[in-house]
Amino acid sequence: MAANMYRVGDYVYFENSSSNPLLIRRIEELNKTANGNVEAKVVCFYRRRDISTTLIALADKHARELEEEMENPEMADLPEKQKHQLRHRELFLSRQLESLPATHIRGKCCVTLLNETEALKSYLDREDAFFYSLVYDPQQKTLLADKGEIRVGNKYQADITDLLQEDEDDERDLAKLEEKVWDPNSSLTEKQIDQFLVVARSVGTFARALDCSSSVRQPSLHMSAAAASRDITLFHAMDTLHAAGYDMTRAIAALVPQGGPVLCRDEMEEWSASEANLFEEALEKYGKDFTDIQQDFLPWKSLTSIIEYYYMWKTTDRYVQQKRLKAAEAESKLKQVYIPNYNKPNPNQLSNNVKPALLNGAVGGGVPGPPGSAQVPGLGRACESCYTNSSYQWYSWGPPSMQCRLCASCWTYWKKYGGLKMPTAAGGGEAGTQPQHHEPPRPPHAAQRQPQVCSEDPAGVLSADHRADPGGPPPLPGHHPAPIFGPTPLPPLSTQRPSKQNAHYGYQTGPKSLRH
């Protein structure tokens with residue numbers, strides 16, 4: 001029951017195609033539509049097969065730099081198979097949101113930000129585990145490092161000095177290490193300090209009355225008094241009192257110098273109403289990603305100003321109202337949804353009575369196993385990924401013209417991780433490349449005995465033995481040996497128009513797709 005219950009924040013698989021790999025998404029909202037169906041608003045994650053080769057090269061470069069920073073030669077020691085499978089576990093976060101039917105959910109997975117202290121191999125040891133370290137922008141076609149990286153290592157940690165011994169003197173100049181800004185043991189009482197702070201607020205209110213821009217922003221006396229009571233006014237008053245040596249007369253004179261009363265304003269007063277609206281809109285879109293807020297919404301503001309304004313904005317009634325409004329909206333939305341297991345047969349399932357010799361481009365004869373293994377006579381090559389010849393269920397994989405298939409285990413891997421288990425020629429080493437049409441490799445003796453139609457026998461009627469040994473005697477007159485059919489040569493792929501099915505799988509087409 002719990003495995004089929006999906007909540008906001010879960011990472012899930014979505015199926016939008018029976019033949020393509022599953023999509024990986026994070027549920028942001030669960031909404032009930034007018035017709036009673038449930039839709040999930042999700043954040044998109046992309047696989048390596050979904051981005052261009054140029055961006056893949058950038059991702060690989062970032063991975064090498066990260067490996068050098070970690071000073072961990074783990075990747076170099078991994079076998080090629082594990083390196084190949086590790087690429088299938090890498091995802092790219094995006095800011096893109098989309099709505100999908102909740103009935104298309106096909107299970108849960110786990111996606112985490114890559115931690116520099118974590119071993120990459122640990123992701124291979126866990127089922128349905130993925131990692132990401134880069135953010136992909138599908139509109140701009142760019143990759144950027146995620147701002148939420150965990151800063152660990154010698155580069156980010158403080159160097160702690162040794163403790164002083166009991167009789168050892170501290171030779172450091174403490175005046176250079178810190179600055180005293182307030183003396184709690186001054187001659188003033190708490191009541192006198194509070195009276196001075198009231199005077200400072202009054203001066204701040206009067207200064208706003210004299211300032212034209214402040215009169216526009218705070219047209220009423222109450223608003224001006226509230227602005228003058230903010231922390232920036234109190235901090236200035238305490239600094240002034242400390243600088244005057246806690247002399248009330250000198251401190252009050254410093255609050256009202258010869259040019260007029262001192263006006264202290266913080267970010268809440270400096271920002272206009274339109275800038276505040278832009279900030280709230282940006283916060284709704286990006287959250288607390290202040291760098292993106294500055295770049296896309298408030299480029300004329302400094303990053304320090306934006307962060308300072310955010311923490312002041314959280315103390316306002318506006319923030320409290322928005323928080324209540326969001327809480328009310330969240331109450332009206334679904335918290336979770338139950339999706340039963342999807343048990344309908346996949347259209348790519350093959351019937352068990354299909355002859356193996358008709359699959360995987362085999363034309364009869366022997367079947368190759370993994371590289372270096374002997375042929376299995378009498379069967380067509382089975383799984384394109386693991387070369388197994390037995391499976392309780394087979395699935396068609398790739399364009400129909402290639403007649404490739406996967407076993408049940410490799411089909412599940414393909415759907416979840418977007419690639420083949422083994423870095424085979426059919427998989428091209430990377431997920432999403434075109435399975436190349438090639439004849440099964442033959443043993444040396446089979447290569448020597450391969451029938452060849454020579455120019456002296458254009459009709460191809462000589463016996464196989466005579467064609468293998470042209471110097472031998474010709475066949476007897478009147479004797480008609482059974483014709484030997486060789487594989488029909490295929491036209492170059494460059495002359496063939498790619499079908500929609502080929503484009504559907506994202507496979508490449510070109511003259512190099514065949515190996516003769």
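I started with Tyr-417, which is buried because its relative accessibility is 4%. Buried here means under 20% relative accessible area, exposed means over 50%, and partly exposed lies in between, with a 1.4 Å probe and protein chains only. I noted that the model is predicted: local features need pLDDT of at least 70, side-chain atom pairs count only at pLDDT 80 or more, and totals for chains, interfaces and linings use all residues. Residues are numbered from 1 along each chain as its sequence is written, and side-chain values use heavy atoms, with hydrogens and water left out.

I looked up the ring partner of Tyr-417 and found Tyr-413, in a tilted aromatic pair with 4.7 Å centre to centre and 55 degrees between the planes. For the term I wrote down that rings of Phe, Tyr and Trp (its six-membered ring) pair if their centres lie within 6.5 Å; planes under 30 degrees apart count as stacked, over 60 as edge-to-face and the rest as tilted. Tyr-413 is also buried, because its relative accessible area is 8%. Helices (H or I, at least four residues) and strands (E, at least two) are DSSP runs, numbered from the N terminus.

**Entry: other aromatic rings**

I found 20 aromatic pairs in the structure. One of them is Trp-271 with Tyr-309, which is stacked at 4.0 Å centre to centre and 5 degrees between the planes. This pair links distant parts of the chain, since Trp-271 is in the loop between helix H11 (267–270) and helix H12 (273–286), while Tyr-309 is in helix H14, 38 residues apart. Trp-271 is buried at a relative accessible area of 5%, and Tyr-309 is buried at 4%. I then listed one aromatic cluster, formed by Trp-271, Phe-279, Phe-290, Tyr-309, Tyr-310, Tyr-311, Trp-313 and Tyr-319.

**Entry: surface patches**

I followed Tyr-311 from the cluster to the surface. Tyr-311 sits in helix H14 (residues 303–313) and is exposed because its relative accessibility is 52%. With Leu-303 and Ile-307, Tyr-311 forms a nonpolar surface patch of about 270 Å² of accessible area together. Patches are made of residues with over 30% relative accessible area and no salt bridge; like charges are joined within 9 Å, and nonpolar side chains (Val, Leu, Ile, Met, Phe, Trp, Tyr) within 5 Å. The areas come from the Shrake-Rupley method with a 1.4 Å probe, and for residues only the protein chains shown count as cover.

I also noted a negative surface patch of Glu-166, Asp-167, Glu-168, Asp-169 and Glu-171. Asp and Glu count as negative and Lys and Arg as positive, while His and the chain ends are not counted. The place of a charge is taken as NZ of Lys, CZ of Arg, CG of Asp or CD of Glu. Glu-171 lies in the loop between strand S8 (142–145) and helix H5 (174–177), and its relative accessibility of 79% makes it exposed.

**Entry: salt bridges**

I searched the whole structure and found 20 salt bridges. The term covers a side-chain nitrogen of Lys or Arg within 4 Å of a carboxyl oxygen of Asp or Glu.

I looked at Arg-48 and Asp-60, whose closest N and O atoms are 3.0 Å apart in a salt bridge. Arg-48 is in the loop between strand S4 (38–47) and helix H1 (53–70) and Asp-60 is in helix H1, so their pair ties together parts twelve residues apart in sequence. Arg-48 is buried at 6% relative accessibility, whereas Asp-60 is partly exposed at 27%.

I next looked at Arg-95 and Asp-289, which meet in a salt bridge at 3.0 Å, N to O. Arg-95 is in strand S5 (residues 90–101) and Asp-289 in the loop between H12 and helix H13 (290–296), so the pair, 194 residues apart, links distant parts of the chain. Arg-95 is partly exposed at 44% relative accessibility, and Asp-289 is buried at 10%.

I also recorded Lys-121 with Asp-125, a salt bridge with the closest N and O atoms 3.7 Å apart. Lys-121 is partly exposed at 33%, and Asp-125 is exposed at 57%.
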